[in-house]
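Visitor: I am new to this structure and should be grateful for a close look at a single part of it. Would you please take the sheet as that part, and then describe what surrounds it?

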Amino acid sequence: MTSIYPARDRTDWITRQRPPRNVLDPLKPHGFFLEQEPDGSGRVVSSAVILLTNKECPWRCLMCDLWKNTLSYSVPVGAIPAQIEYALERLDVRPEQIKLYNSGNFFDAAAIPLADYQPIAEKVSCAERVVVECHPRLVGKRVAAFRDFLHGGSHRKVQHLEVALGLETVHPEVLPRLNKKFDLGHFAAAARFLRDEGIGLRAFVLVKPPFLNESQAPEWAVKSAEFAFSCGATVVSLIPTRPGNGAMERLTEAGEFSPPRLSTFETALDACLELQGRRVFGDTWNLEQFSNCPHCFEPRRARLEELNLTQKARPRIDCRACGGL
């Protein structure tokens with residue numbers, strides 16, 4: 001069967017499918033909230049997640065919808081520290097961990113100005129750990145420079161920097177088609193750099209990316225998690241692949257993508273948790289879109305959230321109405 005997804009000029013095809021992006025204020029984050037997750041010792045810590053507003057990522061990944069909450073231009077110097085201050089003042093807590101997610105690459109100078117590294121470090125100095133996200137091919141000297149700002153000065157509390165890399169999948173045919181423009185060698189090289197610099201690594205892994213069927217999805221999620229751990233990751237976050245960016249809808253219409261069933265996501269998380277000694281989290285944001293049963297959805301979501309916090313297996317929810325699909 002001929003695919004509607006082209007073999008060439010993929011970036012152009014992906015961007016042509018897009019709906020309009022959201023209108024944002026460059027001086028405010030487009031979201032912030034609190035969550036909890038266990039640290040490496042199993043202790044549950046408070047975590048502030050701040051969704052920064054900045055210029056769109058230079059890559060145009062097939063499945064990404066994060067661009068909806070980005071700008072077409074670079075923010076001025078001082079905007080990102082102002083956004084962090086805005087969020088932390090309204091959260092009114094001193095979190096042990098702060099995640100600065102910017103819908104792209106923290107170490108893209110067009111997104112996060114280099115001049116803001118030190119002011120950002122000062123704003124997040126209340127936390128013990130800071131997590132940022134980045135494309136594997138942008139991991140380099142800027143990461144170490146930001147780490148030095150975080151650790152510098154006797155007044156600083158930040159002890160750990162962790163970089164989240166989007167591995168997505170190790171499937172040899174699917175990864176190249178995601179238009180991320182990196183290979184497993186790039187990921188491994190970025191992981192080595194982080195390890196050598198004493199910087200932590202977490203990886204994002206997709207459950208059922210485009211071009212995989214339902215039965216293949218858990219197996220490749222596990223293989224991807226195993227690869228991430230072999231590269232030194234201490235955390236893997238499983239993300240069910242979502243529609244909503246235009247391109248995924250076109251693939252759905254052509255029969256080349258469908259969102260994973262909730263049961264498929266559960267199977268992937270259960271299997272990855274069997275990889276002892278590392279933390280695995282399942283992304284439960286907007287999880288209801290993967291469920292077709294109002295009778296069992298809330299207990300199943302609660303179970304997944306408990307798995308995230310305890311990292312311990314527990315029985316699946318038995319539902320007569322849907323059979324657990």
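Guide: What follows describes the sheet, the helices around it, the core and the aromatic rings. Please bear in mind that the model is predicted.

The sheet is open and is formed by eight strands in the order 1-2-3-4-5-6-7-8, with mixed pairing. Strand 1 (31–38) and strand 8 stand at its edges; each has a single partner strand, so one side of each is left without a neighbour in the sheet. On average, neighbouring strands of this sheet are turned by 25° against each other, direction ignored.

Within the sheet, strand 4 (residues 129–134) pairs with strand 5 (residues 160–168) in the parallel sense, over six bridges. Here Val132 stands opposite Val163 in strand 5. Helix 6 (residues 184–196) packs on the sheet, where it touches strand 5 and strand 6, and its direction makes about 175° with that of strand 5. Helix 10, for its part, lies across strand 1, strand 2 (44–51) and strand 8, and runs at about 65° to strand 1.

Ten of the twelve residues of helix 9 are buried, including Leu262, Phe265, Leu269 and Leu273. The length of helix 9 (residues 262–273) can be checked as well: at 1.5 Å a residue, its twelve residues should span 16 Å, and the end C-alpha atoms are 17 Å apart, which agrees.

The next topic is the core. In soluble globular proteins, nonpolar side chains tend to be buried together. In this model the largest nonpolar core has 93 residues, and Leu100 and Leu238 are those with the most contacts inside it. Leaving aside residues up to four places away in sequence, Leu100 touches Val130, Val131, Val132 and Glu133, among others.

The aromatic rings come next. The count of aromatic pairs comes to eleven. One of them joins Tyr5 and Trp13 edge-to-face, at 5.4 Å centre to centre with 70° between the planes. Tyr5 counts as buried because its relative accessibility is 3%, and Trp13 counts as buried at 9%. Phe107 and Phe146 form an edge-to-face pair too, at 6.2 Å centre to centre with 65° between the planes. Phe107 lies in the loop between strand 3 (97–101) and helix 3 (117–123), and Phe146 in helix 4 (residues 141–151), so this pair ties together parts that are 39 residues apart in sequence. Phe107 counts as buried at 0% relative accessibility, and Phe146 likewise counts as buried at 0%.

Finally, two loop residues deserve mention. Asp92, in the loop between helix 2 (79–91) and strand 3, has a phi near 55°, a positive value in a residue other than glycine. Asp92 counts as exposed, at 66% relative accessibility. Lys181, in the loop between helix 5 (174–177) and helix 6, has a positive phi of about 60° although it is not a glycine. With a relative accessible area of 44%, Lys181 is partly exposed.

How values were computed: Residues numbered from 1 in each chain as written. Predicted model: local features only at pLDDT ≥ 70, side-chain atom pairs only at ≥ 80, totals over all residues. Heavy atoms only, no water. Helix = DSSP H or I, 4+ residues; strand = E, 2+ residues; numbered from the N terminus. Expected span 1.5 Å × (residues − 1). Buried < 20%, exposed > 50% of the residue type's maximum accessible area, 1.4 Å probe, protein only. Core = buried A, V, L, I, M, F, W, Y, C linked by side-chain atoms within 4.5 Å. Contact = heavy atoms within 4.5 Å. Pairing = 2+ DSSP bridges. Axes fitted to C-alpha atoms, helices over the stretch in contact; angles between N-to-C directions. Phe/Tyr/Trp six-rings, centres within 6.5 Å; stacked < 30°, edge-to-face > 60°.
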